[in-house]
Amino acid sequence: MDQRVDTSLLEPQRVVLPGEAAPETEVAARGVSVHYGAKQALFDVDLDVPKNSVMSLIGPSGCGKSTFLRCINRMNDVIDIARVSGRIELEGKNIYDADLDVVELRARVGMVFQKPNPFPKSIYENIAYGPRIHGITASKADLDALVEDSLRRAGLFDEVKDRLQEPGTGLSGGQQQRLCIARAIATRPDVILMDEPCSALDPIATAIVEELIDELRANYTIMIVTHSMQQAARVSQRTAFFHLGYLVEEGDTNRIFTNPTDPRTQDYITGRTG
Amino acid sequence: MADTATIAAPDSIHTSDAAHRRLKRRYAFETRFKVFGIAAITLAILALVSLLWTVFSNAFGALYQTNLVLPVSLSAERIDPGATNDPSVIRRGDFEGAVKEALRTALPAASGRRERRELYGLVSDGAALDLRELAMANPSVIGSKEPRVLLASDDANLWIKGYLGSIETLPTDGRATPIGTTGSIEIVAEANVFQPLLTVVKESLLKKAAAFERQAMLQQRGVSYFENLLSQLGDDASEQRADYERQITGYKNREASFTEKADAIRKRAEAPGGREAVDSDLSSFLVRINGGVVKVREVSADTVRGDVILPLASEAPVAANAWQLQRITSSEVSRKVSDRQIVWLEELRKSGNVSVDFNTRLFTSSNSRESELAGVWGAAVGSFWTMLVTFCLAFPIGVMAAIYLEEFAPKNAITSFIEVNINNLAAVPSIVFGLLGLAVVIEFFGEDIFNQDLRSTALAGGIVLALMTLPTIIIAARAAIKAVPPSIREAALGVGASKVQAVSHHVLPLAMPGILTGTIIGMAQALGETAPLLMIGMFAFIKDVPTGVMDDATALPVQVYQWSDFPERLFEMKTAAAIVVLLLFLITMNAIAVLLRRRFERKW
Amino acid sequence: MQDHIVSAYSAELELLDTKIATMGGLAEQMLGRSFEALERRDPDLAASVVERDQDIDDLQTELEEQVVQMIARRQPMANDLRQIMAATKIAGDLERSGDLAKNIAKRAAAIADQSPPMPLISGLRRMSELAMRQLKDVLDAYAERDAHSAVAAWRNDEQIDATYNSVFRELLTYMMEDPRTIGMCTHLLFAAKNLERVGDHATNIAETIHFLVIGDPLPNDRPKGDTTSTTLIRHS
């Protein structure tokens, strides 16, 4: 089947336009493996995530993409039987070092989950909770400003400004998810992890969230796990394809979706059995 | 061809007759299922309604209390001769004498030791105690003579409220003439007025005769038994034979004596007229004539002989229907209140000296041996202290244990062993916890640590019940914590909350309604628990209202159990009343839990 | 290549190939017949070729409709996307080739009553054979997804260009020698140009096949043999 005429043409290359500086790496994974008990869920993953860009992780269910995402803010620590090996560097510092505080890490690496999961409290409290427990703000006025800023960045402020004291669970699904994004932003993170953030949303709400992701890219490094290839193609600059716990292919989104190198990627994104 | 024959066309599978029959069967099954369900619920509701009906209808009798309102002279010389106004002097005053004097004044007809004693029996011991309380609280009443509310004795109370029978008036169609006004007198009437009364007596005689005949028949059985044995004996067993013959003779003699008695009674019963005694196991009959009351002892068709209870004014003949023949529907032996007392009570009632009031004493006083004095307040307060201890121990410990097990404990053999044991503890019979309380709380804590006898204190009871309630609370709390969606935990951890923060800020508030429900179930169980409390001595008779957890106390269910054991009719009612109070206690606890739950839920 | 999980998707992709194959067959047939009509001065044959063109146009319209629907409904990715894009482009090239064949047939009809200058036709014959082979090669390469033969066919275009150059010069020479032949020779010159254009379309198809199979375009440095645009024959 191999029909390569000139393999030099086919090497996946990070696309660097002339005049554009090589992007700085925000998150760098080196040899990351995860075991759940005796079962290995992730095999020796190396991945660089450039700063201020969107990296999407795609792959079939159980391929380890969510597991990998959860390594980055150490959410796997919650699972007793999970064991992570390898290094994950956030701005050059290994987050699995003993001297790194996981609470601080999670303030720096925000997370948005598959199902919108606002706290069953008011909209204001939802946003204010993170800053409050981290003691980011000095006064009530600061906190108010931070809440407003976070909601504005999440594109939600105008919709909810008159009902900040109403429950967050009373919002629509898409609004709830943006509330969760605002909540993640409120702790001033560097990286935002999103685990299938639109899987519970309708197409309009999805489009709004995708537009938001594109805007957030200017200030945050975003990693998004998605089952929708179209979504990965729409929102991300780079795409990584996971399969059976291996990182199969990583590269420029444009290339991955038009001309993937690995036949497994090809089969997956074109919807073939395999 | 085979294929097309076996597989019907798709549309006919669901529209054929067979399909309709299948569908019908399914609907029939559904209908049956619903009917069974409704029947089960109906049965449950009926059981509940009949239970509540029994309890409430019984309890109703305890809600009202009979009082005698009589002028009582609290003379100074009797109570406080030195006019000291000193409570300790007043305490020793002769209030009982004052009550007795009041009774004697109200019913001067009672004379003689026996009658006096019956008279005093109309009033409870509590009447004097009430007066003492009054005088001690307000010494200015000393020296006054005013109508005072005197608590009636339990029997008087029951009679007035109609639980011991009633009085019905029989027709008196002839003139009656009393012979004598006091003591044992005779009343002669025209037109066989007393014939119905005589008939009643004779009917009872017939019943007695029948009873004797039955006895005789039983003796006859003995005779035939031994005769049978005798016929089987050989010739050589002469000793045995003699014994049997003696037995037979004995039976025959007894049979003859019973038969004789039965015949005599039957003869009396069947003969017209004659004079018969009115036994105390028959209804009592009274004659009211010339302002007096006579209790009938003997009766013939036109004459009665009886004892005067209230003296007659004169021996003047009285026209038909101007005098009364009355029947008390219960017999004197079947009730503790005597005919004489009944007459007095009716007299007092007629003169307006009897009042039936709401029984506040039931709710304000504590236990007593006297049924009319007993109340549930002491037990309710005891239950309150016990429950307070139980809650203060079981709730925090249970919730914290649940949080630890559910959120923090590593999943290994040790924790699963602990889990299994907690689940098993919930099924341990409560009496076992009583034993534990006896051994650990009283022996160890009480003697070695507090150096105080904890027996029958609310503290000991509360500790034991807390131990019993813990597994229920832990299981319920764990279920509630587990039911909190993991997404909330993840959300909290995701913004950088520590595990404890995630649990205390988010998981616990969301689990609280469920935890409270479980706690209330456990507390309700503990509230109704008797067995372990019996083990640690909370069965003791305690008259005082406990003022703290270290006081001797009893609990409502224990009190219910105690009262249900007492023979007095009034205690039976008060048992029901105490059950109602227990239910109210329970409803209050539930209401508090519902309110708390609302509060937690309103915070989303 | 494995089948899609959604089998209708695979069937649609196959239908695209079938349509391309049909169009390719039609284009080859038209090309062959148009040259035959030119050679035999057969106006009837020429007319039949002109009629055929409608079929190829219809097929292209049909294929484009299908492509639009597939993009809307299947959101094709990677090689599927490339295949659909390639089919669109190839269909366009084939349709143009069909148009060019039709044009040759029309010219054949126009010069039907003229006597043929034999040697002149032999150069055209060679061009026609080369163009048809070229077309056949790229269509085969498409059917087999064979990038190697596509690239080989791509390189072969040079021969057509070279032949065209010589035919061009030859015809110019004829026209200079005998002005009476100018009318016919102009037609033949255009026919030759058309054949050369067919070769170019075949080259486009080869490039498309390369993009389809490999995923990257061929570098834009194809050996060019057509120098006629810079050729000037001086009247001596």
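Predicted model: local features only at pLDDT ≥ 70, side-chain atom pairs only at ≥ 80, totals over all residues.
How many residues of chain B are in contact with chain A, and how many residues of chain A do they meet? The legends below begin with that contact.

View 1. Residues are numbered from 1 along each chain as its sequence is written, and chains are lettered from A and ligands numbered from 1 in the order in which they are written. On chain B, 16 residues are in contact with 23 residues of chain A; two residues are in contact if their C-beta atoms, placed from the backbone, lie within 7 Å. Helix H18 (486–494) and helix H19 (499–527) of chain B are the elements that give two or more residues to the side of chain B that touches chain A. Helices (H or I, at least four residues) and strands (E, at least two) are DSSP runs, numbered from the N terminus. H18(B) supplies the largest share of this side, six residues. By class, the side of chain B that touches chain A holds eight nonpolar, six polar and two charged residues, where Ala, Val, Leu, Ile, Met, Phe, Trp, Tyr, Cys and Pro count as nonpolar, Asp, Glu, Lys and Arg as charged, and the others, Gly among them, as polar.

**View 2. Confidence along chain A.** Chain A has a mean pLDDT of 85, and 91% of its residues reach 70 or more; pLDDT is the predictor's confidence in each residue, from 0 to 100. Residues 1–21 of chain A have a pLDDT below 50. Beyond near neighbours in sequence, this stretch has 18 contacts in the model.

**View 3. The six-stranded sheet of chain A.** Six strands form an open sheet with mixed pairing, in the order S6-S7-S8-S3-S9-S10 (chain A); two strands pair if DSSP finds at least two bridges between them. Strand S6 (109–112) and strand S10 (246–252) of chain A are the edge strands, each pairing on one side only. From one strand to the next the twist averages 20 degrees. Strand S3 (residues 54–58) of chain A runs parallel to strand S9 (residues 238–243) of chain A, and four bridges join them. A:Met55 has A:Arg238 as its bridge partner in S9(A). Helix H6 (residues 173–186) of chain A packs on the sheet and touches S6 and strand S7 (191–195) of chain A. The direction of this helix makes about 170 degrees with that of S6(A); axes are lines fitted to C-alpha atoms, for helices over the stretch in contact, and angles run from 0 to 180 degrees between N-to-C directions.

**View 4. The four-stranded sheet of chain A.** An open sheet with antiparallel pairing has four strands in the order S2-S1-S4-S5 (chain A). Strand S2 (39–50) and strand S5 (93–94) of chain A each have a single partner strand, so one side of each is left without a neighbour in the sheet. Eight bridges link strand S1 (residues 25–36) of chain A to strand S4 (residues 82–90) of chain A in the antiparallel sense. The bridge partner of A:Ala29 in S4(A) is A:Ile88. Helix H1 (residues 65–72) of chain A packs on the sheet, where it touches S1, S2 and S4 of chain A, and its direction makes about 120 degrees with that of S1(A).

**View 5. Strand S9 of chain B and its partners.** Strand S5 (residues 184–189) of chain B and strand S9 (residues 303–310) of chain B pair in the antiparallel sense over five bridges, with B:Ile185 opposite B:Gly306. Strand S8 (residues 292–299) of chain B also runs antiparallel to S9(B), joined to it by six bridges, and B:Val293 stands opposite B:Leu310. S8(B) and S9(B) form a hairpin with three residues between them.

**View 6. Helix H12 of chain B.** Nine of the twelve residues of H12(B) (residues 339–350) are buried, among them B:Trp344 and B:Leu348. A residue is buried if 20 or more other C-beta atoms lie within 10 Å of its own, exposed if 12 or fewer, and partly exposed in between, with C-beta atoms placed from the backbone. B:Gly352, whose phi is positive, near 75 degrees, follows the helix.

**View 7. C:Lys193 in chain C.** Chain C has six helices and zero strands. C:Lys193 lies in helix H6 (residues 182–214) of chain C and counts as partly exposed because it has 19 C-beta neighbours inside 10 Å.

Technical notes: Expected span 1.5 Å × (residues − 1).
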